[in-house]
Amino acid sequence: MKILFVADPLDSFKLAKDSTYAMMVEAAKRGHELYFALQEGLMWKRGRVLGECSRISLTGATGSWYRVEGAGEPPLAEFDAVLMRKDPPFDTEYVASTWLLELAKAEGAKVFNDPRAVRDHSEKLAIAKYAQFTVPTLVPRLDAQLQEFIDEHSDVVLKPLDGMGGASIFRVAAGDPNRNVIVETLLRDGAKSVMAQRYIPEIRDGDKRILLIAGKPVPHCLARIPKPGETRGNLAAGGTGVAKPLSKRDLEIALALGPGLAGQGLLLVGLDVIGDWLTEINVTSPTCFQEITQQTGFSVAGMFLDALEAACRP
């Protein structure tokens with residue numbers, strides 16, 4: 001197979017943690033050809049969707065870990081699989097990329113995750129489709145609505161809908177002296193929507209990342225445990241990742257959501273679960289492959305490549 005990875009610059013990869021790198025290593029091990037493009041390398045040209053691509057091979061080294069073996073502007077439809085692995089933020093340019101990838105799909109390209117499904121799934125707001133698995137949640141733009149929610153639940157978490165990596169997430173108590181300024185900062189006088197959720201004390205045990213591959217759960221999650229004094233478990237915010245077997249409730253949520261998400265063309269999904277509650281559904285560039293594999297021995301990349309190969313068979 002010829003596999004095109006659309007991702008962040010290769011030199012920015014942290015090899016011990018990067019899930020895209022784990023995918024590349026597994027794909028190379030199986031004899032697949034690896035190609036790479038930046039998001040900005042996608043284009044509509046001469047009536048087709050092309051990519052400014054480089055063929056690469058892996059050296060096995062930790063320093064210069066890849067070698068460029070050729071470059072060109074092939075149609076995306078010439079690849080057996082196109083993996084959109086560009087990290088958020090999900091901004092206007094990301095949306096434009098989904099439009100291009102959707103055109104490429106119409107030309108015959110097999111794109112994962114499906115660009116329309118990615119565009120249609122707000123990673124925060126998608127949980128509204130599965131309210132039976134969520135804590136009390138509000139998504140407003142008006143100050144009075146948000147203030148009322150804080151008064152009702154006393155201890156809440158506020159986060160912007162377009163945030164990532166734990167950025168701009170606040171825990172706010174009803175009596176917090178900074179309450180008003182936090183609300184004003186996030187809402188920006190009604191210009192931005194904000195998600196408010198009742199605080200879940202089980203965050204002390206970790207914000208669990210559950211991976212779904214072709215609708216089936218990886219048997220271990222990665223519990224991202226906040227550092228002392230923090231309420232955010234995100235690894236980018238200093239959390240510690242601990243692999244754990246899925247609990248009965250984790251499995252219940254995964255099995256309930258998996259088939260429907262896979263049916264929309266979402267080959268890889270990351271569910272975020274705190275305690276017994278679903279908090280986010282990640283579809284852009286889910287990660288945690290390497291941490292789970294390193295701690296449990298289960299090959300997440302192997303499971304992913306099995307699913308990718310099956311999805312690309314004629």
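Biologist: Let's start with Trp65: is Trp65 buried or exposed, and what is its relative accessible area?

Modeller: This is a predicted model, where local features need pLDDT of at least 70, side-chain atom pairs count only at pLDDT 80 or more, and totals for chains, interfaces and linings use all residues. Residues are numbered from 1 along each chain as its sequence is written, and side-chain values use heavy atoms, with hydrogens and water left out. Buried means under 20% relative accessible area, exposed means over 50%, and partly exposed is in between (1.4 Å probe, protein chains only). Trp65 is buried, with a relative accessible area of 4%.

Biologist: How many aromatic pairs are there, and what is the geometry of Trp65 and Tyr66?

Modeller: Rings of Phe, Tyr and Trp (its six-membered ring) pair if their centres lie within 6.5 Å; planes under 30 degrees apart are stacked, over 60 edge-to-face, and the rest tilted. The structure holds 6 aromatic pairs. Trp65 and Tyr66 form one, with 5.0 Å from centre to centre and 70 degrees between the planes, which makes the pair edge-to-face.

Biologist: What about Phe289 and Phe304: which helices do they lie in?

Modeller: Helices here are DSSP runs of H or I with at least four residues, strands are runs of E with at least two, and both are numbered from the N terminus. The ring centres of Phe289 and Phe304 are 6.0 Å apart and the planes are at 65 degrees, so this pair is edge-to-face. The pair ties together parts that are 15 residues apart in sequence, because Phe289 lies in helix 7 and Phe304 in helix 8.

Biologist: Which residues of helix 7 are buried?

Modeller: Helix 7 covers residues 289-296, and Gly297, with a positive phi near 85 degrees, follows it. Among the elements covering its buried residues are helix 1 (19-29), strand 13 (207-213) and helix 8 (300-312), where contact means heavy atoms within 4.5 Å. The buried residues of helix 7 are Phe289, Gln290, Glu291 and Ile292.

Biologist: Which residues is Leu257 in contact with, apart from its neighbours within four places in sequence?

Modeller: A nonpolar core is a set of buried Ala, Val, Leu, Ile, Met, Phe, Trp, Tyr and Cys residues joined through side-chain atoms within 4.5 Å. The largest one has 39 residues, and Leu257 is among those with the most contacts inside it, as are Leu4 and Leu76. A second, separate core of 36 residues includes Ile3, Leu15, Leu268 and Val300. Leaving those sequence neighbours aside, the contacts of Leu257 are Tyr130, Phe133, Leu271, Leu278 and Ile281.

Biologist: Last one: which residue in strand 7 is the bridge partner of Phe5?

Modeller: Strand 1 (residues 2-6) has 4 of its 5 residues buried, so the rest of the structure largely encloses it. Two strands pair if DSSP finds at least two bridges between them: strand 1 runs parallel to strand 2 (residues 33-37), with 5 bridges, and parallel to strand 7 (residues 81-84), with 4 bridges. Lys2 stands opposite Glu33 in strand 2. In strand 7, the bridge partner of Phe5 is Leu83.
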